[in-house]
Amino acid sequence: MAMIAEDVLAKIRTASKPKASQLDLSGMGLTELPSQLSELTHLKELDLSDNKLTSISPDLEKLKNLLTLKLDNNSLPAFPGALLGLTVLSRLDLGHNSIPEIPGDILRLESLKYLRLNDNKIER
């Protein structure tokens with residue numbers, strides 16, 4: 001497990017306050033998601049763009065109130081299955097990764113209105 005930088009943990013602590021609805025961890029050099037992130041079940045917006053993520057923890061599925069999730073400009077080799085449990089998600093940005101295909105189960109995300117997939121490895 002990689003060590004999580006103190007500035008990342010400080011942002012997570014700030015977002016753990018009851019009225020906090022968004023968390024911006026973009027450009028923080030993350031290679032994995034901090035485990036503390038799954039405790040922020042009240043979050044509505046989460047920006048994890050411009051990191052070095054190669055996978056998404058199944059714990060992300062605990063963020064049941066998430067409306068917007070930005071995962072663009074990472075190194076994701078596949079569509080993260082944990083996202084399929086985020087049933088109220090309305091905006092999802094997965095642009096600039098290495099995703100080869102979109103699972104048919106994406107239709108479970110009935111609230112999804114915006115899906116960005118540009119610059120991936122999708123062929124069909």
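The chain has one helix and five strands. Here helices are DSSP runs of H or I with at least four residues, strands are runs of E with at least two, and both are numbered from the N terminus. The order from the N terminus is α-β-β-β-β-β. The model is predicted: local features need pLDDT of at least 70, side-chain atom pairs count only at pLDDT 80 or more, and totals for chains, interfaces and linings use all residues. Residues are numbered from 1 along each chain as its sequence is written, and side-chain values use heavy atoms, without hydrogens and water.

The radius of gyration is 14 Å, which agrees with the value near 14 Å for a compact globule of 124 residues. That radius is taken over C-alpha atoms, and the globule rule is 2.2 Å times the number of residues to the power 0.38. Along the principal axes, the C-alpha atoms fill a box of roughly 40 × 30 × 20 Å.

Of the 124 residues, 39% are buried. Buried means under 20% relative accessible area, exposed over 50%, and partly exposed in between (1.4 Å probe, protein chains only). Among contacts (heavy atoms within 4.5 Å) with a separation of 6 or more, 25% join residues 24 or more positions apart.

P58 lies in the loop between β2 (45-47) and β3 (68-70). P58 counts as exposed because its relative accessibility is 63%. The C-alpha atoms of P58 and S38 are 9.3 Å apart in space, while the two residues are 20 apart in sequence.
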